[in-house]
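Subject: Structure handover

Hello,

Here is the structure we talked about. Please open it alongside this note, as the points below follow residues and strands by name.

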Amino acid sequence: MTTRSAQHGTIRLERRYKASPARVFAAWAEPKARAKWDVPGRWVIAEQTFDFREGGREVKRFGPKGDPRLVADTLYLDIVPQRRIVFSYSMTSRGTPISVSLTTIELSASPSSGENDTRLLLTEQIVFLDGNDNAANREEGLASMLDKIGETL
Amino acid sequence: MSKRFTKHSTFTIERSFPVPPARVFGAFVDAKAKARWFVGPDEWEKSNLKLDFKVGGRESVSGGPPGGPIHSYNALYQDIVPNERIVLTYEMHLDKTRISVTLGTSEFKPAGQGTKLVYTEQSVYLDGHDDAGAREHGTRALFDNLEAALKREAKAA
């Protein structure tokens, strides 16, 4: 029998990108731009639907090459173009619950350096379920994806 | 350009009930049972609660003071373990304005003959609407309602 547990945490990450808020926003809003970074490290995306709008649902199956066992089920809740994206996602591995997250992405043009300098704040409020993941591991994955956004820009 | 900002916060509420987890969990699983306690103040006008209790299922209810703004709750069920756990996300609107988005975890733990319910709410409040103090106060009132509903049920049995 599975021992049930729920560990709550909050991850905060900040990045500066040499690009306008519109271009950083497009990394989420444009399917082609999103496909370039939406998985940590060398992992692969096996399947991904795209429905970027308030109320939109997306499903992504991903994981290590040869074993894309993870499924993220996303609901977009609040979208302010070029400024803010709030979404929730659950993560499962072959049906086993791993976590549920509420993620806030905030973009702002850096006032001192002009248009092509965007500050991104990511706040992910998470509950990890039944010990199937942890905050350190998740933070590493999120940091990897934010770094990839910087590379693609 | 309107001001855009957010506030993130977390609170936890623990309650003990003298009935087993299955009974407490039962108050969450269908619209009829949940509508007995998941309601605003008595004087509020309210809609019928709609509830599709399954992972991926939705829940909605709205209400507000007569002549005042309508508070709308819309939830999505993210994880369900019968008699043990419910994880959902919900958004709140005040009339047409989205004021917050929340990740809520309810854990139902056996405690002797009874149940300890641990509810953890992780929220983002949008553009200065609402705040964690008011939300926690309102959520505690809902759990007071739940306690009263379970007592009525025990008496009727």
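I105(A) is buried, because 20 other C-beta atoms lie within 10 Å and the cut-off for buried is 20 or more. Please keep in mind that this is a predicted model. I105(A) sits in strand β6 of chain A. Leaving aside neighbours within four places in sequence, I105(A) is in contact with R84(A), I85(A), L120(A) and L122(A). R83(A) is worth a look too: R83(A) and I105(A) are 22 residues apart in sequence, yet their C-alpha atoms are 8.2 Å apart in space.

Staying in chain A, look at helix α1, residues 21-29. Its buried residues include P21(A), R23(A), V24(A), F25(A) and A27(A). What covers them? The cover includes β1 (6-17), α2 (31-35), β6 (96-109), β7 (118-129) and α3 (135-152) of chain A.

Next, the strand pairing in chain A. Strands β2 (residues 44-48) and β3 (residues 57-63) run antiparallel and are joined by four bridges. In that pair, V44(A) is opposite G63(A). β3(A) also runs antiparallel to β4 (residues 70-80), with six bridges between them. There, F62(A) faces L70(A) of β4(A). The hairpin of β3(A) and β4(A) has six residues between its strands, and G66(A) takes a positive phi there, near 85 degrees.

Now the nonpolar core. In soluble globular proteins, nonpolar side chains tend to be buried together. The largest nonpolar core here has 45 residues. Which members touch the most others? They are V24(A), V86(A), F87(A), V127(A), V24(B), L88(B) and V124(B). So residues of both chains are on that list. Take V24(B): leaving aside neighbours within four places in sequence, V24(B) is in contact with F17(B), V19(B), F108(B), T115(B), L117(B) and L150(B).

On to chain B as a whole. Chain B has three helices and eight strands. From the N terminus, the order is β-α-α-β-β-β-β-β-β-β-α. The radius of gyration of chain B is 16 Å; a compact globule of 157 residues would be near 15 Å, so the two agree. The C-alpha atoms of chain B fill a box of roughly 55 × 30 × 30 Å along the principal axes. Buried residues make up 27% of its 157 residues. Of the contacts in chain B between residues at least 6 apart in sequence, 45% join residues at least 24 apart.

Then the interface. On chain B, 22 residues are in contact with 22 residues of chain A. At least two residues each come from β1 (6-17), β5 (71-81), β6 (85-94), β7 (97-111) and β8 (114-126) of chain B. β7(B) gives the largest share, five residues. By class, this side of chain B has seven nonpolar, eight polar and seven charged residues.

Q78(B) is in strand β5 of chain B. Leaving aside neighbours within four places in sequence, Q78(B) is in contact with S90(A) and V100(A), and in chain B with V55(B), V87(B), L88(B) and T89(B). G57(B) is 21 residues from Q78(B) in sequence and 8.2 Å from Q78(B) in space, C-alpha to C-alpha.

Best wishes

Notes
Residues are numbered from 1 along each chain as its sequence is written. Chains are lettered from A and ligands numbered from 1 in the order in which they are written. This is a predicted model: local features need pLDDT of at least 70, side-chain atom pairs count only at pLDDT 80 or more; totals for chains, interfaces and linings use all residues. Two residues are in contact if their C-beta atoms, placed from the backbone, lie within 7 Å. Ala, Val, Leu, Ile, Met, Phe, Trp, Tyr, Cys and Pro count as nonpolar, Asp, Glu, Lys and Arg as charged, and the others, Gly among them, as polar. A nonpolar core is a set of buried Ala, Val, Leu, Ile, Met, Phe, Trp, Tyr and Cys residues joined through C-beta atoms within 7 Å. A residue is buried if 20 or more other C-beta atoms lie within 10 Å of its own, exposed if 12 or fewer, and partly exposed in between; C-beta atoms are placed from the backbone. Two strands pair if DSSP finds at least two bridges between them. The radius of gyration is taken over C-alpha atoms; the globule rule is 2.2 Å times the number of residues to the power 0.38.
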